[in-house]
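Colleague: I've got a few minutes before class. Can you open the model and walk me through it?

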Amino acid sequence: MKIMKISIIGSGYVGIVTGIGFAELGHNVIFVDVDENKVNLINSRKPPIYEKGLKELMQKNKRRYHATTDYYEAIMNSEITFICVGTPSKEDGSIDLRYVESASKGVGEALANKDDFHVVVVKSTVLPGTTEGVIKPLIEKESGKKAFEDFGLAMNPEFLREGNAVEDFFNPDRIVIGVKDEKTKSILDELYKQFNCPKLFTDIKTAEMIKYVSNAFLATKISFANEIGNICKKLGIDVYKVFEGVGLDHRINPAFFRAGIGFGGSCFPKDVKALIRKAEELGEDPKILKAVIEVNEKQPLKMIELLKKHIPNLRNKRVGILGLAFKPDTDDIRESRAIPIIKALIKEGAKVIAYDPKAMNNFAKMFPQIDYANSAKDVIAKSDAILIVTEWKEFEELDYKGKIVIDGRRIEKAMKDTKIYEGMCW
Ligand code: NAD
């Protein structure tokens, strides 16, 4: 194996896991971030985010990486740069490229000083055409060099799942690499040699599109499951049994029909919205994608409807929230379904008390006005009704006896011994 020098621009969920993953495989890694706090944390060998197994790998490989705010230092001392900065949504749902643009400029400025061939890989999720239409011209302009000749440019979408990201780095389902020049292709081929999964080499815009279509399809599966689930609930049918039967058809596959309160996170909502805006820009009317978002926005509010069936007036009632992260095993609250649910409860005049094993600090910055408990048990003890919003494993161990529980995530234990139990779609 050839040991490579890698720089990572943007040390958030994707950047830190990718960089530490490469360090574990033996490579030398330099992280760059504009957030000095993150840079300091990484240099003290502390994870800037919570992700299972990350802390241990940061300790184990502590001599193979460091972090800086200085692009020049990072580019001069590496041969491959991964751009991993965020690509959030603008107000209108379109993609906000400001971080990608500033990262591209920074890389270009530094590259102007470098004679050796350098490969730039875009890992951030960007719409088809962005790598060649936005990133390439910016790097070329700032560096005075030509892409695919003086420096390599590729697009390598990331498919890791937060909560399982370290495991996913080492065991991906597939690696997709959008490339144009042979030199870049062979360098990335070498970098990914140790991975045994299928590797798909495509042109750059196809690689960009594969990422959007993967996320759009998974989001569609969830909204479809929720729409069917809402019908099942009215019919007194358990939608999970239905999808067990449906999933046995090998053309369908049982995974990811997770009916409940919908999807959140930093990817599905923003990526589906960005694809909608792009389609509209092209004169298309993406009806399915729009419905996916519409179903997803209504779904968490169904929890309030179910709660009001049992407590019609929520004013001054203590409502307990179990789970604030958008999914278990992460501290990420971006687009968490807890946000619209808690907003609605506050509007109804309820007193909210919440608990999450990892995400309370992040959530308290957004909602300082609600109460936070020290434990899930405490939430149960202090609430008139409990809403289960994230399926943390520890919620399977609780005693829900005698309580009103509205369950958005199908916690088996709650299904068994509660006074009043309402599942979202079952
Ligand atoms: P994040 O917000 O956690 O991290 C982005 C980091 O980039 C932050 O630390 C920020 O300070 C830094 N940054 C911003 N501008 C910078 C600049 N000019 N120079 C250096 N650093 C800069 O984002 P994330 O969740 O890691 O996502 C990154 C990209 O990967 C996005 O495009 C996202 O869609 C995609 N993605 C994310 C996931 C996921 O599960 N989070 C999975 C697959 C793909």
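Modeller: Let's begin at the ligand. A polar side-chain atom of S102 lies 2.8 Å from a nitrogen atom of the ligand. Bear in mind that this is a predicted model.

Colleague: Noted. How far is the polar side-chain atom of S266 from a nitrogen atom of the ligand?

Modeller: For S266 the distance is 3.4 Å. There is also D33. An N or O atom in the D33 side chain is 2.6 Å from an oxygen atom of the ligand.

Colleague: How much of the ligand's accessible area does the protein cover?

Modeller: On its own, the ligand has 830 Å² of accessible area, and the protein covers 91% of that.

Colleague: And which elements give two or more residues to the shell around the ligand?

Modeller: Those are α1, residues 13-24, and α5, residues 98-111. The top contributor is α5, with three residues.

Colleague: How many residues are around the ligand, and which come nearest?

Modeller: There are 28. The nearest are D33, Y71, T87, E162 and K270.

Colleague: How do the shell residues divide into nonpolar, polar and charged?

Modeller: The shell has 11 nonpolar residues, nine polar ones and eight charged ones.

Colleague: New topic. How many residues does the largest nonpolar core have?

Modeller: It has 56. I321, L345, L387, F395 and Y400 have the most contacts inside it. Helix α14, residues 338-347, gives the most to this core, with six residues.

Colleague: Pick L345. What is it in contact with, leaving aside neighbours within four places in sequence?

Modeller: L345 is in contact with I304, L307, L314, V319, I321, A350, V352 and L387. There is also a second, separate core of 43 residues. Among its members are I83, V100, L289 and I293.

Colleague: Is Q299 buried or exposed?

Modeller: Buried. Its relative accessible area is 1%, and the cut-off for buried is under 20%.

Colleague: Which polar partners does the Q299 side chain have?

Modeller: The side chains of Q299 and N230 are joined by a polar contact of 2.9 Å. The Q299 side chain also reaches the backbone oxygen of G260, at 3.0 Å. Beyond neighbours within four places in sequence, the residues in contact with Q299 are N226, N230, G260, I261, G262, M424 and C425.

Colleague: What about K114, buried or exposed?

Modeller: K114 counts as buried, because its relative accessibility is 6% and the cut-off is under 20%. K114 lies in the loop between α5 and β5, residues 118-122. Leaving aside neighbours within four places in sequence, K114 is in contact with I75, M76, S78, E79 and K145.

Colleague: How far is K114 from Y355?

Modeller: They are 50 Å apart, C-alpha to C-alpha. Along the sequence, 241 residues separate K114 and Y355.

Colleague: What happens at the start of helix α2?

Modeller: There, a side-chain oxygen of D35 reaches to within 3.0 Å of the backbone nitrogen of N37. Just after α2, R45 takes a positive phi of about 65 degrees.

Colleague: Last one. Which helix holds S186?

Modeller: S186 is in helix α8, residues 182-191. S186 is partly exposed, with a relative accessible area of 43%. The C-alpha atoms of S186 and I42 are separated by 31 Å.

Technical notes
Residues are numbered from 1 along each chain as its sequence is written. This is a predicted model: local features need pLDDT of at least 70, side-chain atom pairs count only at pLDDT 80 or more; totals for chains, interfaces and linings use all residues. Side-chain values use heavy atoms; hydrogens and water are left out. A nonpolar core is a set of buried Ala, Val, Leu, Ile, Met, Phe, Trp, Tyr and Cys residues joined through side-chain atoms within 4.5 Å. Buried means under 20% relative accessible area, exposed over 50%, partly exposed in between (1.4 Å probe, protein chains only). Helices (H or I, at least four residues) and strands (E, at least two) are DSSP runs, numbered from the N terminus. Contact means heavy atoms within 4.5 Å. A residue is near a molecule or strand if one of its heavy atoms lies within 4 Å of it. A polar contact is a pair of N or O atoms within 3.5 Å; within protein, one must be able to donate a hydrogen and the other to accept it, and residues adjacent in sequence count only if both atoms are side-chain atoms. Accessible areas come from the Shrake-Rupley method with a 1.4 Å probe; for residues, only the protein chains shown count as cover. Ala, Val, Leu, Ile, Met, Phe, Trp, Tyr, Cys and Pro count as nonpolar, Asp, Glu, Lys and Arg as charged, and the others, Gly among them, as polar.
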